[in-house]
Amino acid sequence: IWGFGLAVKDCNLDEIPLGNDSKSWVYTSSGSIMHNGAPKHSNLKIAEEGDIMACTYDHVELNFYLNGENLQAPVTGFKGTVYPVVYVDKSAVIDVNFCDKFHYPPPSGFQGIMMEHSII
């Protein structure tokens with residue numbers, strides 16, 4: 001069991017799977033994009049071992065990708081600041097890359113997450 005996507009700061013990360021409340025939007029191992037306990041999109045391609053998953057977010061629309069292919073299941077309706085989230089359960093293993101050296105190039109206009117650095 002796994003999922004990844006976006007959540008607001010006060011999302012309860014101890015309650016998995018995410019996507020069962022109004023504070024997270026996640027693509028899940030069941031092939032659904034979940035939010036508020038209901039699928040926003042379902043019957044999507046299901047990732048298998050070795051597949052590369054990704055998402056893009058432009059402050060308006062969240063899109064998910066599988067092996068470089070857009071799943072054509074956009075999610076909108078975000079309010080406020082959101083953060084990337086990833087969860088695993090039942091011995092699932094996920095490698096995560098937020099910054100660079102992506103297996104598939106990001107769509108035009110997107111890049112890795114810029115990490116905050118202290119200059120003091």
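This note goes through the predicted model point by point, from its strands to its side-chain contacts and backbone details.

1. Basis of the model. The model is predicted, so that local features need pLDDT of at least 70 and side-chain atom pairs count only at pLDDT 80 or more, whereas totals for chains, interfaces and linings use all residues. Residues are numbered from 1 along each chain as its sequence is written, and side-chain values use heavy atoms, with hydrogens and water left out.

2. Strands here are DSSP runs (E, at least two residues), numbered from the N terminus, and two of them pair if DSSP finds at least two bridges between them. As background, strands of a sheet pair through backbone hydrogen bonds, either parallel or antiparallel.

3. The β3-β4 hairpin. Strand β3 (residues 33–35) is joined to strand β4 (residues 38–41) by three bridges, and the two run antiparallel; within this pairing, M34 stands opposite P39 of β4. The two strands form a hairpin with two residues between them. One point to check by eye is N36, in the loop between β3 and β4, which has a positive phi of about 60 degrees although it is not a glycine.

4. Aromatic pairs. Rings of Phe, Tyr and Trp (for Trp, its six-membered ring) are taken to pair if their centres lie within 6.5 Å, with planes under 30 degrees apart counted as stacked, over 60 as edge-to-face and the rest as tilted. By this rule the count is seven aromatic pairs. In one of them, the ring centres of W2 and Y27 are 5.6 Å apart and their planes lie at 70 degrees, so the pair is edge-to-face. This pair links distant parts of the chain, since W2 belongs to strand β1 (residues 2–8) and Y27 to strand β2 (residues 24–28), 25 residues apart. Both W2 and Y27 are buried, where buried means under 20% relative accessible area, exposed over 50% and partly exposed in between (1.4 Å probe, protein chains only). Ring pairs also link W2, F4, Y27 and F64 into a cluster.

5. Salt bridges. With a salt bridge defined as a side-chain nitrogen of Lys or Arg within 4 Å of a carboxyl oxygen of Asp or Glu, the structure holds two. D10 forms one with K23, their closest N and O atoms being 3.1 Å apart; both residues are in the loop between β1 and β2, 13 residues apart. D10 is exposed, at 52% relative accessible area, while K23 counts as partly exposed at 30%. The side chains of E69 and K45 also meet in a salt bridge (2.9 Å, N to O), which links strand β7 to the loop between β4 and β5 across 24 residues. E69 is partly exposed at 40% relative accessibility, and K45 is partly exposed at 45%.

6. Cysteines. The structure holds zero disulfides, a disulfide being a pair of cysteine sulfur atoms within 2.5 Å. The sulfur of C11 is 15 Å from the closest cysteine sulfur, in C55, and is therefore too far for a bond. C11 is buried, with a relative accessible area of 7%, whereas C55 is partly exposed at 32%.

7. A nonpolar surface patch. V86, V88, V96, F98 and I113 make a nonpolar surface patch of about 360 Å². Patches are made of residues with over 30% relative accessible area and no salt bridge, like charges being joined within 9 Å and nonpolar side chains (Val, Leu, Ile, Met, Phe, Trp, Tyr) within 5 Å; the areas come from the Shrake-Rupley method with a 1.4 Å probe, and for residues only the protein chains shown count as cover. V96, in the segment after β8 (82–88), is partly exposed, with a relative accessible area of 45%.

8. Further backbone details. The peptide bond from I16 to P17 is cis, with omega near 10 degrees, and P17 is found in the loop between β1 and β2. Q72, in the loop between β7 and β8, has a positive phi of about 55 degrees although it is not a glycine, and Q72 counts as exposed at 62% relative accessibility.

Definitions and conventions
Helix = DSSP H or I, 4+ residues; strand = E, 2+ residues; numbered from the N terminus.
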